[in-house]
Amino acid sequence: MYAKIFLVFISLFLVTCSNKNEPELQDCSMVACTLNFVTISVILKDASGAAVALDSYEIIDTETGENLATNFNGEEYQYSKEQGIYPILSDAHRVQYQNKSATLTFKGYIDNEEVINEVYEVGADCCHVSLITGNTEIVLE
């Protein structure tokens, strides 16, 4: 019994003595995640509430300049586009954004004219991506 108390005490001592100057990274080896696949999306409508289909769009990571929208395509994307729903980040990017936040810019185009320019703050933990700030419902006037 004293050995267990001693181990708990030593564990607490080691945790409190860790280097506070280094960013604290979550150890994901002991985390149980849900099987849900999270996708952060933007809903785009016009003033009457009808879905807006963009000709094209970009999701730019402002730090790296990478366009994340290139990973969203195919039949699923076509259906989403018809519904005015545009994915901006999914769990496919979880590792890239794990334990940090990033600024993404959503740019939408109709007839080669930029009609949307919205900024989002996103992040991820061991399991899923998350939206920190940003408007997920946009109404085009």
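1. Leu 44 stands opposite Ile 138 in strand β7, and Asp 46 has Leu 140 of β7 as its opposite residue. These positions belong to a predicted model, in which local features need pLDDT of at least 70, side-chain atom pairs count only at pLDDT 80 or more, and totals for chains, interfaces and linings use all residues. Residues are numbered from 1 along each chain as its sequence is written, and side-chain values use heavy atoms, with hydrogens and water left out.

2. On confidence, the mean pLDDT of the protein is 82, and 78% of its residues reach 70 or more, where pLDDT is the predictor's confidence in each residue, from 0 to 100. Over residues 1-23 pLDDT stays under 50, and for this stretch the model has one contact beyond four places in sequence, a contact being heavy atoms within 4.5 Å. Where pLDDT is low, the predicted coordinates should not be read in detail.

3. Strand β1 (residues 39-46) and β7 pair in the parallel sense over four bridges; strands here are DSSP runs of E of at least two residues, helices are runs of H or I of at least four, both numbered from the N terminus, and two strands pair if DSSP finds at least two bridges between them. An open sheet of three strands has the order β3-β1-β7, with mixed pairing. Because β3 and β7 stand at its edges, each with a single partner strand, one side of each is left without a neighbour in the sheet. Neighbouring strands of this sheet are turned by 25 degrees against each other on average, direction ignored, with axes taken as lines fitted to C-alpha atoms and, for helices, over the stretch in contact, and with angles running from 0 to 180 degrees between N-to-C directions.

4. Strand β7 (residues 137-140) has a covered face formed by Ile 138 and Leu 140, whereas Glu 137 and Val 139 make up its uncovered face.

5. The largest nonpolar core has 24 residues, and Leu 44, Tyr 57, Ile 59, Leu 89 and Phe 106 touch the most other members. At least two residues of this core come from each of β1, β2 (56-61), β3 (85-90), β4 (101-110), β5 (113-124) and β7, and β5 supplies the largest share, four residues. Such a core is a set of buried Ala, Val, Leu, Ile, Met, Phe, Trp, Tyr and Cys residues joined through side-chain atoms within 4.5 Å; buried means under 20% relative accessible area, exposed over 50%, and partly exposed in between (1.4 Å probe, protein chains only).

6. The structure holds three aromatic pairs, counted where ring centres of Phe, Tyr and Trp (its six-membered ring) lie within 6.5 Å, with planes under 30 degrees apart called stacked, over 60 edge-to-face and the rest tilted. The rings of Tyr 57 and Tyr 86 have centres 5.2 Å apart and planes at 70 degrees, so this pair is edge-to-face. Since Tyr 57 lies in strand β2 and Tyr 86 in strand β3, the pair ties together parts that are 29 residues apart in sequence. Tyr 57 and Phe 106 also form an edge-to-face pair, at 5.5 Å centre to centre and 70 degrees between the planes. Phe 106 lies in strand β4 and Tyr 57 in strand β2, so this pair ties together parts that are 49 residues apart in sequence.
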